[in-house]
Amino acid sequence: MSRAPQNLLIPFRRDRKRDFAAGAGAELLASKVRQVLLTEGATPHSTGELPWRTSFGAGLSRLRHQRNDTVLAELARVYVRDALARWLPGVQLVQVRVEQEAAMLTLRVRVREGDTAADLDVSLTKDAAS
């Protein structure tokens, strides 16, 4: 019987043993997807967030300070789809639902990797991503 893969969860946090928290299954899958989607990748206007891999990320921050319309929603879907295909090729994107309200754009993302499924929300506001 094989053990499910386990790794550190992003964002880093402490567990009860005063070590960095690790997870498996849906929790780990959501952590990997969140890391890809919320990391600033290199664009024509920025150098990228990670000095050792500047192109890593989805570039969702490029959508801040833009008009919150149907074009922005479709761009968000494309950025999510492309980033997951590039950086997590073993992960299948099941659904990206975009909810728009005033200055907030919320992406409800559903992914699957093997037998594991995860749902997560990514919110973009005029000021920051969370």
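Student: Let's begin with L29: buried or exposed?

Tutor: L29 counts as buried, because its relative accessibility is 1%; buried means under 20% relative accessible area, exposed over 50%, and partly exposed in between, with a 1.4 Å probe and protein chains only. Before we go on, note that this is a predicted model, in which local features need pLDDT of at least 70 and side-chain atom pairs count only at pLDDT 80 or more, while totals for chains, interfaces and linings use all residues. Residues are numbered from 1 along each chain as its sequence is written, and side-chain values use heavy atoms, with hydrogens and water left out.

Student: OK, and which element does L29 lie in?

Tutor: L29 lies in helix α1, where helices (H or I, at least four residues) and strands (E, at least two) are DSSP runs numbered from the N terminus.

Student: What is L29 in contact with, leaving aside neighbours within four places in sequence?

Tutor: Its contacts, meaning heavy atoms within 4.5 Å, are V91, V111, R112, E113, T116, A117 and A118. For T116, the C-alpha to C-alpha distance from L29 is 7.7 Å, although the two are 87 residues apart in sequence.

Student: V111 and A118 are both on that list. What is the bridge partner of V111 in β5?

Tutor: That partner is A118. Strand β4, residues 104-113, and strand β5, residues 116-124, pair in the antiparallel sense over nine bridges, and two strands count as paired if DSSP finds at least two bridges between them.

Student: And how many residues sit between β4 and β5 in the hairpin?

Tutor: There are two residues between them, and G114 in the turn has a positive phi of about 65 degrees. H65 also has a positive phi, near 65 degrees, in this case in a residue other than glycine.

Student: Where is H65 found?

Tutor: H65 is in the loop between α1 (25-38) and α2 (70-87), and it counts as exposed because its relative accessibility is 60%.

Student: Switching to the inside: which residues touch the most other members of the largest nonpolar core?

Tutor: Among its 30 residues, they are V33, L37, L60, L84, L107 and V111, a nonpolar core being a set of buried Ala, Val, Leu, Ile, Met, Phe, Trp, Tyr and Cys residues joined through side-chain atoms within 4.5 Å. Two or more residues each come from α1, α2, β3 (92-101), β4 and β5, and α2 gives the most, with eight.

Student: What does L107 touch?

Tutor: Not counting residues up to four places away in sequence, L107 touches L60, A76, V80, R97, V98, L120, D121 and V122.

Student: Now charges: how many salt bridges does the structure hold?

Tutor: It holds seven, each being a side-chain nitrogen of Lys or Arg within 4 Å of a carboxyl oxygen of Asp or Glu. One of them joins K32 and E113 at 3.1 Å, N to O, and this pair links distant parts of the chain, with K32 in helix α1 and E113 in strand β4, 81 residues apart. K32 is partly exposed at 27% relative accessible area, as is E113 at 28%.

Student: And what about R110 and D119?

Tutor: Their side chains meet in a salt bridge at 2.7 Å, N to O; R110 counts as partly exposed at 37% relative accessibility, whereas D119 counts as exposed at 51%. Elsewhere, salt bridges that share partners join R97, E99, R108 and D121 into one network, and within it R97 and E99 meet at 3.1 Å, N to O.
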